[in-house]
Amino acid sequence: MIRSDAYSDLELISLLKRGEVAAFDLLYSRHWSGMYQAAFYLLRDQNACMDIVQDIFAWLWEKREQLDIQAVPSYLRSAVRFKVANYIRSGKIRDEFYTELSGLSLPETPGPQDFLELDDLKTIITQVVNNLPEKCREIFLLSRDGQLTNQQIADLLNISIKTVEAQKTIALKRIRAAVDPHLLALLLLPIVTCH
């Protein structure tokens, strides 16, 4: 039996990857309430929010062997935002949600939650960039961090400009694919933080 205070979240993820049901149960008991509250804050629908939390944990169990999670709370927050955004896009959202949304005033200055969300987004982008093929990653970083032009990169690496452009396009497509699911959540962020 796993004691609740004996393992960090990352240690529990490691145990979960090996199929430890007790680790899964402990992760669930630690995080389901916060995930539910985050979803409910947006949707105000108990059944939908419970479904969202259950779907996330079902997915975690199904994909446990492939999990590569570095920050469990951030990962779970992102998963909730993604599921809420999909729920809203699916058209299942109640009409009262839009009425309530239209009556909210947005904050003028960013708050601490805004910075957490930006950190989450930076983490996602960093993970995507780190997982790019070596040459693609090198070209992307020379362009973004090094502020080099396509011609300068081509000259430096002794490759054609077309190759530089193609590799940058690949990098940007992968980043967009990873970030797109979070865009609606980022749009909703000011609404959530002003309550």
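## Cavities

A cavity is a set of points, on a 1 Å grid over the protein atoms alone, where a 1.4 Å probe fits but cannot get out. Grid points are joined across faces, edges and corners, and a volume is the space filled by probe spheres set on the points. This is a predicted model, in which local features need pLDDT of at least 70 and side-chain atom pairs count only at pLDDT 80 or more, while totals for chains, interfaces and linings use all residues. Residues are numbered from 1 along each chain as its sequence is written, and side-chain values use heavy atoms, with hydrogens and water left out.

The model holds two cavities of 30 Å³ or more. The second largest cavity has a volume of about 30 Å³. Its lining (residues with an atom within 4 Å of a point) consists of Ile13, Leu27, Phe57, Leu60, Ile69, Val72 and Leu76.

## Nonpolar cores

A nonpolar core is a set of buried (under 20% relative accessible area, 1.4 Å probe, protein chains only) Ala, Val, Leu, Ile, Met, Phe, Trp, Tyr and Cys residues joined through side-chain atoms within 4.5 Å. The largest one has 29 residues, and Ile13, Met35, Leu43, Ile56 and Val84 have the most contacts inside it. Apart from this core lies another, of nine residues, including Leu121, Cys136, Ala171 and Ile175.

## Lys135

Leaving out residues up to four places away in sequence, Lys135 touches Leu157 and Gln167 (heavy atoms within 4.5 Å). Lys135 and Gln167 are 32 residues apart along the chain, and their C-alpha atoms are separated by 7.9 Å.

Key. On a 1 Å grid over the protein atoms alone, a cavity is a set of points where a 1.4 Å probe fits but cannot get out, and a pocket is an open set with protein on both sides within 12 Å along at least five of seven lines; lining residues have an atom within 4 Å of a point. Buried means under 20% relative accessible area, exposed over 50%, partly exposed in between (1.4 Å probe, protein chains only).
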